[in-house]
Amino acid sequence: MKCQFCSNPATVHLTDIVQKKKREMHLCEACAREKNLIPPKPQELNIPALLQLVLGQLPVPAKASAADLVCPECGTPYAHFRAQGRLGCPHDYDAFRSLLEPLLERVQNSAARHTGKVPRRHARRMRVARKAELEARLKSAVAGERYEDAARLRDEIRALGADHEP
Amino acid sequence: MNLNTLTSRLGEWLRGTGPESDVVVSTRIRLARNLAGVPFTTRATPHQKAETEARLREAIAGLDLSAPLVYVSVASLAAVDRQFLVERQLISRELAGVLDGPRGVAFDDREAVSLMVNEEDQLRLQSMRSGLDLDAAWDAIDHIDDLIEGRVEYAFNDDFGYLTACPTNVGTGMRASVMLHLPALGLTKQIDKAFKALQKINLVVRGLYGEGSRALGDFFQVSNQVTLGKSEVASLNDIRSVVLEIIKYERMARSTLMREARQNVHDKVARALGTLQSATMMTSEETMELLSAVRLGVNLKLIGDLTATTVNELFIHTQPAHLQKLVGEALDGEARNAARARYLRTRLRTAGAE
């Protein structure tokens with residue numbers, strides 16, 4: 001069978017019914033494509049649309065504040081994230097925190113904090129900060145003669161020191 | 001590097017071996033990472049992107065790995081070469097064509113590791129294994145992640161974990177996928193039932209080439225959806241238990257078919273092979289569907305002199321970019337379909353259904 005529009009072999013066959021009348025079309029691939037009858041490549045996941053869907057269900061935040069929020073670090077407006085589905089920089093997670101938390105709750109199915117791997121240098125820094133805090137509390141416990149507290153704090157500090165990493 | 005040398009080799013994920021390889025094609029784990037204090041790729045200036053690429057390239061080059069990595073700059077590759085890397089699953093479609101500017105990929109000789117630079121996240125680490133092997137894939141990529149983290153500072157936050165450009169990846173930044181071949185569940189129309197269980201525990205099913213791709217030839221990818229609030233190991237355990245369950249269903253369906261409809265299955269397999277051996281025009285979709293039936297035939301021992309590895313090789317070699325590299329010239333539309341059919345005829349000349 002030949003294409004109705006040119007003489008190439010027809011490889012696309014369409015049948016539709018309009019007002020109870022059957023209509024058939026026979027085209028070659030090129031003509032079908034030209035007439036937009038062949039669907040384009042597999043659809044990308046439309047993340048902006050998805051986010052829109054998710055965000056649409058949220059109580060609308062005080063209009064001015066949400067839409068006008070801009071990350072001070074990279075200058076990305078919150079509105080840009082809503083349109084594109086991509087954040088501007090790592091600091092956005094802090095800058096947009098109050099807006100992101102309910103969103104994360106939906107896309108991640110929970111309001112949980114991160115559990116899992118922690119970069120080693122980050123863990124080290126956290127340990128140093130924690131130790132400094134405990135030491136300050138120990139000092140004030142000793143000064144206030146709260147010796148039971150002091151003993152407990154000393155144990156905690158010792159435990160922190162013991163698991164140091166290279 | 002000359003990508004043409006890869007054509008004659010099979011990447012790790014297509015080796016056709018490994019645990020449960022009658023049903024599981026491959027296991028893949030990717031981690032999304034970004035540098036601290038730098039805008040994410042889509043908001044970075046060309047200068048910042050070039051700097052990020054240079055920093056990560058240097059960090060990657062300095063890694064002391066038993067299998068050394070080669071870095072390929074994707075920006076300077078021809079379109080057919082980018083497509084070639086997508087078909088081998090070494091890079092994403094986004095890195096190949098949607099994103100622009102300085103970007104690249106580092107991978108090893110076995111193609112078991114690939115590190116994409118300036119993807120949607122600045123670093124996407126991937127490890128691949130043949131068959132179902134989540135532990136080996138995780139150990140490999142966890143180790144490389146540690147080594148890179150010793151050289152650059154990642155964007156990380158106590159509450160949100162590893163910070164990513166899209167909030168759907170934040171937390172562990174990990175997406176683990178297992179690619180399954182489920183022809184018997186397809187034939188016995190049980191596939192929907194099998195996947196219903198997945199939605200309940202937040203796993204996702206996708207087609208062969210990831211997000212948005214169709215499930216062609218009964219190939220499906222099962223992966224975790226949640227990345228925040230669940231550890232890597234917990235996610236991997238969830239996937240493993242579900243995949244083992246699906247494998248059980250598929251094997252049950254295969255033995256039911258062999259018991260109750262052996263003649264029909266045999267006929268379907270033989271016809272698929274016959275078509276591949278004699279057709280003169282072949283689209284990649286049809287190839288995929290027919291090779292899927294042939295793969296089932298190999299696993300059910302209905303075809304004697306073909307191995308799963310050969311079938312895998314035909315899968316990859318008949319993809320558009322691979323085919324053009326094998327033929328040695330650019331082909332489009334009908335010429336490509338004719339070349340694909342010719343290639344399949346030649347390769348399968350001697351194979352026969354028993």
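The model is predicted.

Chain B contains 12 helices and 10 strands. Its radius of gyration is 21 Å, close to the 20 Å that the globule rule gives for 354 residues, so chain B is as compact as a globular protein of that length. The C-alpha trace spans about 65 × 45 × 35 Å along its principal axes. Of the 354 residues, 58% are buried. Contacts in chain B were considered between residues at least 6 apart in sequence; 72% of these join residues at least 24 apart.

Chain B carries 42 positive and 45 negative side chains. The centres of the two sets lie 6 Å apart.

In S5(B), Leu123(B), Leu125(B), Ser127(B) and Arg129(B) point one way. Arg124(B), Gln126(B), Met128(B) and Ser130(B) point the other way. Both sets are buried.

Two strands pair with S5(B). Strand S1(B), residues 24-33, runs antiparallel to S5(B) and is joined to it by 8 bridges. Here Ile29(B) stands opposite Ser127(B). Strand S4(B), residues 113-117, is also antiparallel to S5(B), with 5 bridges between them. Val117(B) stands opposite Leu123(B) in this pair. S4(B) and S5(B) form a hairpin with 5 residues between the strands. Within this hairpin, Asn118(B) adopts a positive phi near 60 degrees.

Methods:
Residues are numbered from 1 along each chain as its sequence is written. Chains are lettered from A and ligands numbered from 1 in the order in which they are written. This is a predicted model: local features need pLDDT of at least 70, side-chain atom pairs count only at pLDDT 80 or more; totals for chains, interfaces and linings use all residues. Side-chain values use heavy atoms; hydrogens and water are left out. Helices (H or I, at least four residues) and strands (E, at least two) are DSSP runs, numbered from the N terminus. The radius of gyration is taken over C-alpha atoms; the globule rule is 2.2 Å times the number of residues to the power 0.38. Buried means under 20% relative accessible area, exposed over 50%, partly exposed in between (1.4 Å probe, protein chains only). Contact means heavy atoms within 4.5 Å. Lys and Arg count as positive and Asp and Glu as negative; His and the chain ends are not counted. The place of a charge is taken as NZ of Lys, CZ of Arg, CG of Asp or CD of Glu. Two strands pair if DSSP finds at least two bridges between them.
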